[in-house]
Amino acid sequence: MLRIDGLSAGYGRLEVLHAVSFTVERDLPTVMLGANGAGKTTLCRVISGLIPARAGGIVLDGADITRLSPAERVRAGIALVPEGRQVFPDMTVRENLRLGAYVHGEPGRTGFDAVFAMFPILAQRQNQRAGLLSGGEQQMLALARALMSRPRLLLLDEPSQGLAPKAVALIAETVNRIAATGVGVLLVEQNLILAQAIARHAVVLETGTCVADGPAGDLLAGGAVADSYLGKTRRHRHVV
Ligand SMILES: Nc1ncnc2c1ncn2[C@@H]1O[C@H](COP(=O)(O)OP(=O)(O)OP(=O)(O)O)[C@@H](O)[C@H]1O
């Protein structure tokens with residue numbers, strides 16, 4: 001459903017992503033693994049349109065979205081759950097959710113109800129300030145806010161960051177439920193436990209280059225991931 005084709009991007013003179021190519025299929029939730037600074041967040045920003053591609057293309061369900069604005073990409077079906085959650089602490093849970101639906105106008109009751117059915121804790125706390133939620137609950141809110149735009153593809157940037165194992169397990173279960181409804185998933189992670197719980201396909205990014213791409217079971221158990229974390233130089237791309 002998502003094809004990343006020779007994508008390069010960066011900041012000023014710094015090129016961070018160098019001709020990155022991989023695909024995400026709707027029925028194969030995909031994890032992108034990589035050490036700190038590999039370019040994972042930059043990739044999320046390019047896919048969601050927050051920074052431009054310098055070369056290459058992004059195709060979603062056959063449509064070239066490379067030059068669309070961030071809002072147009074949300075309308076096309078891409079929703080980002082950003083690094084650090086970025087919920088608005090002084091707004092209520094419900095107001096945060098409303099923001100997620102902004103590209104479609106005012107969300108109707110059914111929009112809220114669908115999300116509350118998946119996140120009962122948010123229904124209970126919908127009128128509380130988001131800043132009062134725990135870290136795990138705020139991550140649930142960030143996920144739920146992304147779902148308010150009715151995405152085809154969910155981009156998750158390190159959702160496990162700073163969370164206890166129990167909260168990470170709940171994220172895995174929730175993302176799996178979302179994937180089962182037909183929403184594509186691209187998870188950017190360093191947490192192997194979360195990656196293994198969600199992903200069926202894996203891509204390894206090392207200093208802005210894809211160095212491995214294949215079934216998650218093979219790749220997460222194999223040496224390519226460990227080598228990448230250790231920063232070992234690889235001369236060629238692994239295809240498992
Ligand atoms: N806004 C920015 N301006 C300039 N350089 C940046 C900016 N954001 C990131 N970088 C640089 O781009 C490179 C890749 O960073 P990025 O955040 O994409 O990596 P990452 O894989 O997500 O790492 P982490 O896991 O630490 O979040 C790093 O060298 C970083 O310093």
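So, to start: what percentage of the 240 residues of the chain count as buried? It's 45%, where buried takes 20 or more other C-beta atoms within 10 Å of a residue's own, exposed takes 12 or fewer, and partly exposed is in between, with C-beta atoms placed from the backbone.

Quick housekeeping. This is a predicted model, so local features need pLDDT of at least 70 and side-chain atom pairs count only at pLDDT 80 or more, while totals for chains, interfaces and linings use all residues. Residues are numbered from 1 along each chain as its sequence is written.

Okay, the overall fold. We've got ten helices and eleven strands; those are DSSP runs, H or I of at least four residues for helices and E of at least two for strands, numbered from the N terminus. The C-alpha trace spans about 55 × 40 × 30 Å along its principal axes.

Now the ligand. Around it sit Tyr-11, Leu-14, Val-16, Gly-34, Asn-36 and the run Gly-37, Ala-38, Gly-39, Lys-40, Thr-41 and Thr-42, going by a C-beta atom, placed from the backbone, within 6 Å of the molecule. Which helix gives the most to that shell? That's α1, with three residues. Both α1 (40-48) and β2 (14-24) supply at least two. And α1 is mostly covered, with eight of its nine residues buried; Lys-40 and Thr-42 are among them.

Last stop, α7, residues 165-180. Its end C-alpha atoms are 23 Å apart, and that agrees with the 22 Å that 16 residues should span at 1.5 Å a residue, counting one less than the number of residues. The buried ones here are Val-168, Ile-171, Ala-172, Val-175, Ile-178 and Ala-179. Look down the axis of α7 and they fall within an arc of 130°, so they line one face of the helix; the arc uses directions from the axis to the C-beta atoms. Remember, an α-helix has 3.6 residues a turn, so residues three or four places apart point the same way. Turned away from that buried side are the exposed Lys-166, Glu-173, Arg-177 and Ala-180. Then, just after α7, Gly-182 has a positive phi of about 100°.
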